[in-house]
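Dear colleague,

I am passing on the structure that we spoke about, and I would be grateful if you could read the notes below with the model open beside them.

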Amino acid sequence: PKYVYDFTEGNKDMKDLLGGKGANLAEMTNLGLPVPPGFTITTEACRVYLASGAEPPELRDEVTEHLETLEKKMGKRLGQPDNPLLVSVRSGAKFSMPGMMDTVLNIGLNDQSVHGLAAQSGGDERFAWDSYRRLIQMFGKTVLGVPGERFEEALEEAKRVKGTESDLGLDAQDFRKLVDTYKHIVREHTGREFPQDPREQMDLAIRAVFDSWNGERARLYRRQERIPHDLGTAVNVVAMVFGNMGMDSGTGVAFTRDPSSGRQGVYGDYLQNAQGEDVVAGIRNTVPLQELEKIDKKSYDELLRIMEVLENHYRDLCDIEFTIERGKLWMLQTRVGKRTAAAAFCIATQLVDQGLIDMDEALKRVNGVQLAQLMFPRFDENAVAAGKAKRIARGIAASPGAAVGKAVFDQDTAVKWSQSGEKVILIRRETNPDDLNGMIAAEGILTSRGGKTSHAAVVARGMGKTCVCGAEELDVDVKLRRMTAPGGIVVEEGDVISIDGTTGQVYLGEVPVVPSPVVEYFEGRLDPQDAGADELVRAVDRIMKHADAKRRLRVRANADTPEDSARARRFGAEGIGLCRTEHMFLGERRKHVERLILADTEAEREEALAALLPLQRQDFIGIFEAMDGLPVTIRLLDPPLHEFLPDLTELSVRVAVAEARGEKNEDDLRLLQAVRRLHEQNPMLGLRGVRLGLVVPGLFIMQVRAIAEAAAERRKAGGDPRAEIMIPLVGAVQELEIIREESERVLAEVARETGIELDALIGTMIELPRAALTAGQIAECAQFFSFGTNDLTQTTWGFSRDDVEAAFFSTYLEKGIFGVSPFEALDRDGVGRLIRIAAEEGRAARPDLKLGVCGEHGGDPESVHFFHEVGLDYVSCSPFRVPVARLEAGRAAV
Ligand code: PEP
Ligand code: MG
């Protein structure tokens with residue numbers, strides 16, 4: 001294979017091989033934009049290296065060949081003493097991993113070529129020695145593994161000796177001395193000299209970038225972002241351009257639109273006389289990009305022109321890194337930029353209105369995870385106005401959301417407190433990749449420095465976490481674990497604060513939250529055409545309508561009260577896919593169930609059932625009414641009976657205590673006997689579902705009667721009830737046959753009694769591997785299947801759904817056995833295969849078999865795509881996730 005591509009050879013669709021950065025540098029090169037020349041070493045070379053521990057043997061010659069081409073283009077050789085070509089070696093994986101991997105600048109400098117660089121820059125000795133010390137510092141840290149603080153301390157010491165605050169106060173002589181100190185640090189720490197051979201520098205840097213793929217931070221980030229661990233990174237070798245050649249030079253980042261609102265305009269930060277990562281790292285304070293117009297109008301105008309070219313070409317928001325070297329603009333990177341959930345919806349519809357994309361494409365560019373984020377509640381402005389919390393500062397709105405928690409100032413406390421169930425806000429002056437664990441643990445992140453492109457902002461947006469950054473009025477003292485706000489307000493570790501990532505406001509105390517406008521819209525309380533509705537609501541409305549028009553999958557809700565049913569319907573549910581009747585046996589009614597279980601005689605049992613019947617009927621009437629005209633799948637009682645009885649230990653103690661007192665409670669004794677009789681070692685695999693219906697006479701019959709009578713009553717009242725009766729936990733068709741026969745008998749009875757013929761469907765859940773594998777037989781007896789993927793996952797993996805997530809899933813996730821819990825995202829290979837088999841064989845036996853899913857996976861964005869693929873008719877999920885499922889079902893269809 002070919003391991004090295006010149007920028008002129010690649011394009012933006014080659015991200016797998018060239019990484020995001022390499023593919024987009026190639027694309028820009030071919031668009032004729034000013035990109036410094038260079039080449040990309042493929043991710044495949046990295047994969048060979050990671051697998052075998054050595055670079056592929058052909059790599060060296062290929063690099064040599066491309067380096068020669070580069071040298072010819074530039075008219076100078078790498079590290080040539082009198083006129084050196086310098087290069088940067090930059091990581092660039094398929095998915096962006098901000099700040100996670102390594103980059104080394106100024107490769108090619110050594111004791112000779114530093115003089116050549118000075119000559120090249122018109123005798124700027126200071127610049128040349130500063131560049132050289134930066135090389136040793138970056139190379140020492142990332143390639144040779146010298147702790148970064150050693151260099152930072154030396155730099156601080158040099159500034160102290162000089163009596164200056166900023167590195168701008170150091171001169172050529174100071175940097176020259178610093179180079180000596182740095183070399184000494186390298187020698188001391190590694191037992192070898194800083195390598196003088198430019199090619200050796202380059203080769204070692206390339207290897208270090210490969211290695212950084214498996215750095216701890218990078219691994220953690222990938223787990224968080226669900227990026228596969230086996231992709232590897234590409235390496236870009238790029239001719240250096242310098243933003244630190246004086247005040248007519250600089251470096252910056254820009255967005256073609258506001259990444260938090262989507263609005264068009266000039267968004268970015270610029271830093272004069274600075275190199276490379278200074279901006280992202282937030283080391284010195286940047287100026288807003290608009291100010292570049294005053295500093296260097298020519299470069300500014302060209303930058304805006306290029307931004308327009310890029311937006312039209314990528315047909316999307318792009319983010320950009322650029323450098324100006326003595327008035328000449330260079331593009332160092334672009335990519336389709338990360339954005340907030342709200343911006344994603346707004347930008348997608350804006351681009352439709354600009355004629356750049358169509359509605360199908362707009363639909364593809366948003367997703368259910370983003371929609372779910374937009375449904376989070378926000379802070380209640382009125383409560384703030386009423387003085388419930390005190391506004392203490394305002395920073396930059398970096399990542400939206402409303403977060404409340406206790407102030408913590410370091411990652412360890414953040415992790416520790418959050419593990420013990422506390423909500424925390426991580427407060428730092430600025431964050432760096434070492435804070436990642438703390439950021440994950442926190443509800444929100446607050447920094448006092450850095451802009452929209454600072455590390456905190458970029459990473460928080462990526463994680464969908466609330467973030468306010470650059471709140472400069474705050475004085476953060478990490479050592480004393482406190483911050484001070486204007487007016488002498490002190491916030492200590494543990495004090496509750498609230499941060500609003502949508503407005504940038506910081507409050508002392510807890511601000512109450514109110515529902516999001518997107519939820520208000522779904523609830524029907526906010527009309528998108530109203531003046532009060534903002535652009536976001538209009539964008540969501542348009543995209544949801546398009547999703548609804550495109551999707552094949554129907555979306556139902558899991559609901560078991562009239563209120564939930566009504567809400568689900570407002571959210572767009574087209575019926576109920578799972579009404580869990582066990583929720584109707586709790587509270588007051590528990591005593592009837594207890595009597596049913598304890599019944600010794602037929603008469604006692606009949607009595608208990610007779611007491612439950614009217615209550616059940618009333619439940620169903622309310623639900624049929626709320627879902628009038630739409631299908632309602634009612635599942636007959638599923639959980640083990642002991643769940644309705646008192647706890648064995650508690651009851652035993654009560655009886656024992658009574659006995660010790662010489663008292664005797666007959667009822668308690670009978671109860672205890674029953675609890676003992678029903679006690680199961682493994683109730684999830686025990687007497688539940690259809691087994692219960694077969695063992696407890698009259699129970700299912702009572703429920704079916706309640707359904708039939710409720711439907712008849714609704715019909716009499718002019719309603720249109722559509723009942724579907726669902727039998728849980730079936731493993732063999734014989735189980736279903738018995739229950740179905742009984743149910744049909746009851747339906748016929750009620751029809752005779754009421755004079756109303758009901759066409760209720762009778763079907764089953766598929767929750768056991770045996771049910772899936774004998775689906776052909778079961779379908780002979782079932783009018784529909786609903787996949788209960790919670791139990792199907794439990795029984796396929798043999799994972800107890802109530803225990804494993806707490807017990808050992810974190811280890812499994814860490815070891816990469818799966819990237820997400822299979823209870824969250826459907827396991828396509830195992831559980832999914834059973835679903836495929838059941839769907840195919842079920843439909844073969846009964847072509848009009850209705851297929852749905854009602855486990856948690858029905859509302860999981862990724863899983864919805866799978867259910868679309870295997871041809872289910874509908875998914876069913878909790879009411880709040882109905883819009884998410886509608887959106888994803890639409891996306892799956894375009
Ligand atoms: C299931 O098992 O997926 C299901 C929907 O039923 P429950 O969660 O009530 O067991
Ligand atoms: Mg189940």
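In what follows, a residue is taken to be near a molecule if its C-beta atom, placed from the backbone, lies within 6 Å of it. This is a predicted model, in which local features need pLDDT of at least 70 and side-chain atom pairs count only at pLDDT 80 or more, while totals for chains, interfaces and linings use all residues. Residues are numbered from 1 along each chain as its sequence is written, and chains are lettered from A and ligands numbered from 1 in the order in which they are written.

With that definition, the residues surrounding ligand 1 are Leu-578, Arg-580, Asp-638, Glu-767, Gly-788, Thr-789, Asn-790, Asp-791, Cys-854 and Gly-855. Two elements, β25 (576-580) and α32 (789-797), each give two or more residues to this shell, and α32 gives the most, with 3 residues; helices (H or I, at least four residues) and strands (E, at least two) are DSSP runs, numbered from the N terminus. By class the shell has 2 nonpolar, 4 polar and 4 charged residues, where Ala, Val, Leu, Ile, Met, Phe, Trp, Tyr, Cys and Pro count as nonpolar, Asp, Glu, Lys and Arg as charged, and the others, Gly among them, as polar.

As for the protein as a whole, its secondary structure comes to 37 helices and 31 strands, and its C-alpha trace spans about 105 × 65 × 60 Å along the principal axes. The domain assignment, whose bounds come from an automatic or database source, gives domain 1 (70-239), domain 2 (250-336), domain 3 (376-514), domain 4 (551-640 + 680-893) and domain 5 (648-679). The C-alpha centres of domain 3 and domain 5 lie 53 Å apart.

In helix α23 (residues 590-598) the buried residues are Val-593, Leu-596 and Ile-597. They lie on the same side of α23, because they cover an arc of only 95 degrees around the axis, the arc being that of the directions from the helix axis to the C-beta atoms. These buried residues of α23 pack against α24 (602-626) and α26 (666-678), contact being counted when the C-beta atoms of two residues, placed from the backbone, lie within 7 Å.

With best wishes

Conventions:
Buried ≥ 20, exposed ≤ 12 C-beta atoms within 10 Å, placed from the backbone.
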